[in-house]
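Work through these exercises with the sequence and the 3D structure open. Try each task before you read its solution.

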Amino acid sequence: MSLTGKRVLVTGGTRGIGLGIVEGFVSRGATVVFSGRDQQLGERVSINTGAQFVAADLRVAHDVSNLVAQCVESVGGLDILCHNAGVYPEHTLESMTDESWHDVLDTNLTSAMMLVRAAHPHLVKAGSGRVVLISSITGPRTAIPALTHYAASKAGLEGFARAAAVELAPHGITVNCVAPGTILTEGLAQLYSEPGVMDEVVGRIPAGRIGTPADIAAAVTFLADQDSGFITGQSIIVDGGQTLPEVQS
């Protein structure tokens with residue numbers, strides 16, 4: 001699959017799944033701009049990948065508009081938007097504060113609306129724009145205690161994708177989600193840091209392994225390709241079969 005000449009914006013591209021997506025697009029010939037909050041880390045990734053870094057806090061409307069504007073100015077347009085940025089701090093309902101709830105919803109979900117809104121005219125101009133949102137199996141299909149805010153944001157993201165797909169289809173723009181299962185990232189290692197927990201998770205995945213950021217990048221770049229133009233409003237689960245068994249051993 002070649003995406004040579006395609007202009008791509010990836011959010012949350014400094015580490016984990018986002019970094020894997022940046023590398024996936026670059027390896028397929030795309031010109032990539034990516035965002036993150038950590039300036040130093042972003043610059044390091046830029047050097048390593050050849051992609052361009054723009055610092056942005058996606059909770060802030062001005063930052064979102066500026067990110068899209070800088071991307072368009074630096075690479076001459078926008079063909080593909082991949083919204084990956086997300087946070088998942090653990091908070092039980094008992095300990096959940098309004099601030100914690102809104103921080104996750106603003107970062108994971110509200111930002112998607114602001115990004116697509118800002119990118120819309122540029123994707124229309126591109127003629128066959130692509131939007132790929134990184135969802136999760138958590139929320140739309142499964143649940144983890146102490147992540148009610150995260151689950152709500154990801155379930156909302158898939159609902160947003162379906163409605164946006166219908167609205168943007170007349171412009172030749174597709175909107176889809178990729179829903180990762182258990183993927184080996186720094187954040188996952190922290191979430192499952194207690195001894196034996198990671199092995200227990202692997203035991204519940206039919207494929208027999210934890211997923212990698214490259215696995216997610218493969219699905220994202222597939223949906224971003226021109227040959228996927230008849231797929232819209234969908235969510236592709238990439239979980240090694242984790243959500244398939246009726247009874248977990």
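**Exercise 1. Find out whether Gln40 is buried or exposed.**

Step 1. Gln40 has a relative accessible area of 58%, so Gln40 is exposed.
Step 2. Helices (H or I, at least four residues) and strands (E, at least two) are DSSP runs, numbered from the N terminus.
Step 3. Take a distance: 19 Å separates the C-alpha atoms of Gln40 and Val87, which are 47 residues apart along the chain.

A note on the source: this is a predicted model, where local features need pLDDT of at least 70 and side-chain atom pairs count only at pLDDT 80 or more, while totals for chains, interfaces and linings use all residues. Residues are numbered from 1 along each chain as its sequence is written, and side-chain values use heavy atoms, with hydrogens and water left out.

**Exercise 2. Describe the largest nonpolar core.**

Step 1. A nonpolar core is a set of buried Ala, Val, Leu, Ile, Met, Phe, Trp, Tyr and Cys residues joined through side-chain atoms within 4.5 Å.
Step 2. The largest one has 31 residues, and Leu9, Val131 and Val175 have the most contacts inside it.
Step 3. Elements giving two or more residues to this core include helix 3 (61-75) and strand 6 (174-180). Helix 4 gives the most, with seven residues.
Step 4. Look at Leu9. Setting aside residues up to four places away in sequence, its contacts (heavy atoms within 4.5 Å) include Val33, Leu67 and Cys82.

**Exercise 3. Classify the aromatic pair of Phe34 and Phe53.**

Step 1. Rings of Phe, Tyr and Trp (its six-membered ring) pair if their centres lie within 6.5 Å; planes under 30 degrees apart count as stacked, over 60 as edge-to-face and the rest as tilted.
Step 2. The whole structure holds two aromatic pairs. In the pair of Phe34 and Phe53, the centres are 5.3 Å apart and the planes make 45°, which is tilted.
Step 3. Phe34 belongs to strand 2 (residues 31-36) and Phe53 to strand 3 (residues 52-55), so the pair ties together parts 19 residues apart in sequence.
Step 4. Both Phe34 and Phe53 are buried.

Conventions
Buried < 20%, exposed > 50% of the residue type's maximum accessible area, 1.4 Å probe, protein only.
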